[in-house]
Each structure stands twice: as C-alpha cells, then as structure tokens.
Amino acid sequence: MSTFILLTVTGLGLAALYFLVASGLSLIYGLMDVLNFAHGAFLTLGAYTAWVVVDATGSLLLGVAVAIAVGAVLAVLMETALLRRMYGSHVPQVLLTVGLLLAITALIRSIFGTDALQLATPEWMNEVTEILGAPIPNNRFVLIVTAVLVYLAMSAFLAKTRYGLIIRAGVENRAMVTALGIDVRRAFTLVFAIGGALAALAGALAGVINNAVSPEQGMSLLIFAFIVVIIGGLGSFRGSALAAVLVGLLQQYANFYGAVGAGDLIVVLMLAAILLVRPQGLLGRAAS
Amino acid sequence: MTDQMIRTRPAVEPRTRRGPRAWAKPVVLAALPLLAAALPYLDVQVPLLFDGPLGSPGVLHVLSLMCVMAAVAVTYDLLFGFTGLLSFGHGLYVALGMYTTGIVLTHTDLGFAGAVAWVAVLGLVVPLVLGAICLRVGGIAFAMATLAFGQAGAIFVVRDPLRITGGELGLALPYEKLPEPLVGVINAGNRYWLALALLVVTYAVVRWALASRPGRVWRAIRDNETRVLVLGLRPYAFKLMAFVLSSFLASLAGLVYALIAGGAHAEVTEATFTLGLLVMVVLGGSGHPYGALIGGLVYTYLNHRLGQLSTTLGGPLSEPLFILGVLFVVLILFLPGGIVSLVRRTESKGGA
C-alpha cells in the first residue's frame, strides 16, 4: 500500500511537470497553430538559469523566479523578432523553432558542458514526509502544489479577464476575433510569454526533482509533453491537465509493476489508441 | 513553399526546351556517379576540405557517411517535400535497419543474407502498421504522433527490455559473420562504393516513384489535399504508400549505415537525428529534385568537419549543432528555398 501511495504521488509530481510544459504548448498551438519545439529550449534555459542563480546566491526561490522571468522574456523576443515575420506559413514556423531548439541546446552544452550539474536544493525539500506509511520526498509536494496553483491561476485568467476571453475566442475561431477588430497578435505575444514562463518553471522544477540539470532533459520532457498535448486535445487547457495526470500516473505504475521502460512504451500505446479511437484528443474539438 | 514553386516554374521550362543543351542533362547524370565512383583511386590532396588524400580510409569513411545520410535525406524529402508529410520519427526506420542487421547477426545464425531479408520484411511491415495509425491524423498531430513512435523506438533501444539492443552502448557487428570484402580498414573503398550505390539506387527509385502516377497524386496532396479528395481519390492510401516506400528505403539505408559504422548506435533513435534530417532537406532545398541530396551531403560534411575543428574553435563554435542550428534559422528567414535556390538564382541572372 505504501509503495502504491509513493508511486501515486511521484506520478502526480511527474504529471505536474508535464502539465506545466503541455499547457503552454497547447495554448500556443491552439491560438497560433505553431508547434513550438523551442519550448524544449525554454525548459533547458529555465533549468540552467536556476542553476546559475542558485550557484551565485544560494536561494532556490530567487533562482526559480529569475528562470521564469528569463523564460518569458526570451519567448517574447522570439515571438516578436522571429516568428512574427512568418505568420500564416506553418511549416517554416515549425522549422524555425526546431532550429532554435538545436542551436540553444548546443549553446548551453558548449557553455556548461555535456554532463549534468548538481543543483543545490534546501534541506527540507529532500527530507520525507510520511503519508499513510509512505515516505514521500517533500519536493514532490512542491511540484504538485505549484502545478495546482498554476492551474487555478490560469483557469481564472482564461475565464475572468479580457485577455483570457480573447485567447479562448482566438483558439475557437481566430478569423472571427480578428474580424471583430481585436488585435490578436498581442494575445499571441502574451500566450508566448506565458508558455515560455511555464516551460522555464517546469525546467527549474525538473532540476529540483532530479537535484541536477542537464542539457538533454529539455528534449525528453518535451516529447512527453507533446504526447500529453495530443492525448488531451490540441488547444485544450483542461485537456492538457487531464492528460498530464493520466500519463504521469500510468507511466509511474507501469514502470514499477511492469518490465523496464514499460511505462514509457505504454504511454505511446495510449497515444496510438487515442489516435485510432478519438483523433481530436480527450477534450479536443472535432477536427474541422 | 508552394508559391516558391509557382514562381520558379517559368525559369525552368524555357531551358528544357532549348535544343543545344538537351543532351547535357543525361550526360551529367551519368558522369557524376562515375566520377564519384572513381574517388578511391584518386590519390589527390584536397587542401582545407579533407585532412588526407581522397583515397585514404579516413576520407572514404566520411564520404561513405555523406552518401548514406544523403540517401536518408532523399527518402525524407519524399515525405516532407513531395507529399507534404512532416514526420519527426523518420530516424526510427533508419534505426530499424541498423538494429535489425545488428540483432540478426549477433543473436541468430541466419548470417548476412538473413539480416538483409529481415530488414526487408520489417522495413515493410513496421511502417505499414505505424503509418496506418499515424496517418489517421493530419498536419501537426501527424508530426507529433510520429515523434511519439520515434521516442518509443528510442526507449526500446536504450532501456533494452529484451536484452538485445545493447542499450546506450550500442551493438557492434560481429565481423566474422560479415562478407569478407566489406570488413576492415583495407576495404574502406568497397564500403564507399556500397554507400554510393545505395545513394544512386535510392535516388533513382525516388525519382521513378515521383514520376509515376501515385507520385503525381503525392504532389497533389502536398499542394491541396481537399482537392484530391474531391477528385475521388483517397489521400490516406496514397499517403500510406509514400510513407511505406520512404521508410522502407530508409531502413535499407540503415543497413548500409550499420556496415559503415561497424554497428548500430542509439544516437540514430534520438529525435535530434530526425531533426537533423529536416535541417538537411531544408538546407538543400525541399521539394526540389536534388535539393535533399545536396543538403544531406553538405550537412553531413559540415557536421563532421566542424566536429574536427571544434578543438581549434572555442566557445559556442565548438558545437557543430550550434553553428548548424543558427545556419538553419538564417536559411529559413532569408533563403527558404535552400542551396539549390541560390544556384538557380545565379543561373537565371547569368542567362538574362
């Protein structure tokens, strides 16, 4: 029983990471039809920014805050300076983000080396709390609480604010929003900033969980986030959250109870099943 | 990308109609492979480009890799540039060819012929099944689905649940089971010819397929899938055909790759490998008869050469992928047609 609880909490922690990455990806795709590979670069950048700040000041909180800021600023720069030049041509946009992912990851590797770097985290984060007899590292709770807070904040933002309304309407029908005289491009920049900030946050938190940062972690997390996005439904914020929880839990259970790597393979099989039965994803709109 | 094609069409047609130069094309087509085949016999130093003479094993190895990767790029462009399918899992089929060769040779007594047969069978069946699933969705969702299956392949190889792939270390081919003429430093020339033959055959098959009736439907799907549907054709079946052909050729390239690299390695299964293919195709010029071929040769050469120079170049320049990634971004922003469009631009200037 205690193993099961540990697996569940760890799975939810993983789900929290997937959610932070996937929700940004999904909103960006839903609003702008851009599959943003550079999201993986934001992740890695976030992780390394946190590492640099923690190395200099010793404060993890400050490190995460700076990482979020750097992620948001870079995402805005990328959107306004590069992507904006080619709206309407989807494939070149995807290619552009692929090029940025490769270049930024390589840049980080050349500065910090290929090996993982130790990330110092506060003592209490690595200590365990017992829940129903299961010893659970405290950093899992940090992750889950952060993701829940982000979910609530984003839901409120999307439901209650003017820009949230524009974003939701833009995901639904961008042409109509533009026709009503609303400048959707500002919403583009905003969504990119949010996505970049969330990705950098996820990267820093992944560093906290692993107690280390490495240049490759962005890519592997990104791929599972892509899977989460498709399973949840492209453009659906709630779908991302639901799919993240499903994928995170399933992966943990299968990895523990099944063969080596079974969890990761099962997630891909789940994706295949979704594509066969419900190609638009769990909460996605039917393909037009 | 489509308006690029429309714009360039008038520039090409008058030239093919011009009488005196009509013979030039087939002569060049025949001369280039022959020239390439003669390289091992040339004891020429190429300063700056290569470290040793052209016939030396080290240089031949690089040339072999260039040929194999160009062949893979050509198969990738069949999907991306000619059918409009953006796949992020093409490396999976190269890995399929590589690892099937390695596994059959290491774990069975079927020998080299058995390995080739297995690659041929799996190279048809696996893309047929996976393509049938992935093509259920179009556009970006298709790209993500192929990426996910590619990732499943990477996990299978690296985690190695069946204890057959050698995990992260890869799988070295048992030399005693390989045909004698393909083994050893002394036979680098033979392996180069094999790679060159692979490139020529792959290129010829892809050209032939594109000239056939399904090939025209592929391009029609790229330009406007709805119109193909309205005309009463099933895009799904044609896309699957392109997917299987391209993946089959890629797994054959994987077989040759394994022979040249002396084994299978897990790098091929990584998403970065397929992203590299994408860079090659766009670098050369996607959807162009020989764009992918040139892109594959140039990219592989640069990747290798920049890796060699990395000790002399400092900082970010020591990472080949940094230079190639930046180059890629610049290309997309300023030269979307790739290298071939550059050539054509200067050509039309000279003609006018």
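In chain B, 73% of the contacts with a separation of 6 or more are between residues 24 or more positions apart, where two residues are in contact if their C-beta atoms, placed from the backbone, lie within 7 Å. For chain A, the corresponding share of contacts between residues at least 6 apart in sequence that join residues at least 24 apart is 76%. The model is a predicted one, in which local features need pLDDT of at least 70 and side-chain atom pairs count only at pLDDT 80 or more, while totals for chains, interfaces and linings use all residues. Residues are numbered from 1 along each chain as its sequence is written, and chains are lettered from A and ligands numbered from 1 in the order in which they are written.

Consider the overall form of each chain. Chain A has 12 helices and 4 strands, helices being DSSP runs of H or I with at least four residues and strands runs of E with at least two, both numbered from the N terminus. The radius of gyration of chain A is 19 Å, close to the 19 Å that the globule rule gives for 288 residues, so chain A is as compact as a globular protein of that length; this radius is taken over C-alpha atoms, and the rule is 2.2 Å times the number of residues to the power 0.38. The C-alpha trace of chain A spans about 60 × 45 × 35 Å along its principal axes, and 54% of its 288 residues count as buried. A residue is called buried if 20 or more other C-beta atoms lie within 10 Å of its own, exposed if 12 or fewer do, and partly exposed in between, with the C-beta atoms placed from the backbone.

Chain B, in turn, has 14 helices and 2 strands, and its radius of gyration of 20 Å agrees with the value near 20 Å that a compact globule of 352 residues would have. Its C-alpha atoms fill a box of roughly 55 × 50 × 45 Å, taken along the principal axes, and 47% of the 352 residues of chain B count as buried.

The two chains also meet, for 34 residues of chain A are in contact with 37 residues of chain B. On the side of chain A that touches chain B, the elements that give two or more residues are helix 4 (90–112), helix 10 (217–232) and helix 12 (262–277) of chain A, and helix 4 of chain A gives the most, with 14 residues. By class, this side of chain A has 28 nonpolar, 3 polar and 3 charged residues, where Ala, Val, Leu, Ile, Met, Phe, Trp, Tyr, Cys and Pro count as nonpolar, Asp, Glu, Lys and Arg as charged, and the others, Gly among them, as polar.

The largest nonpolar core has 218 residues, of which Tyr18(A), Val21(A) and Val68(B) touch the most other members; such a core is a set of buried Ala, Val, Leu, Ile, Met, Phe, Trp, Tyr and Cys residues joined through C-beta atoms within 7 Å. Helix 1 (residues 2–32) of chain A gives the most to this core, with 18 residues. If residues up to four places away in sequence are not counted, Tyr18(A) touches Phe224(A), Ala225(A), Val228(A), Ala244(A), Val247(A) and Gly248(A).

Helix 1 of chain A also holds Gly13(A), which counts as buried because it has 24 C-beta neighbours inside 10 Å. Leaving aside neighbours within four places in sequence, Gly13(A) is in contact with Arg140(A), Leu143(A), Ile144(A) and Ile209(A). Further along, Leu27(A), Gly30(A) and Leu31(A) in helix 1 of chain A meet Ile167(A), Gly170(A) and Val171(A) in helix 7 of chain A, and the residues of this contact divide into 4 nonpolar, 2 polar and no charged.

Some loop residues complete the picture. Asn211(A), in the loop between helix 9 (184–210) and strand 4 (212–213) of chain A, has a phi near 60 degrees, a positive value in a residue other than glycine. Most residues other than glycine have a negative phi. Asn211(A) is partly exposed, with 14 other C-beta atoms within 10 Å. Arg163(B), which lies in the loop between helix 6 (139–159) and strand 1 (171–172) of chain B, likewise has a positive phi, of about 55 degrees, although it is not a glycine, and Arg163(B) counts as exposed because it has 9 C-beta neighbours inside 10 Å.
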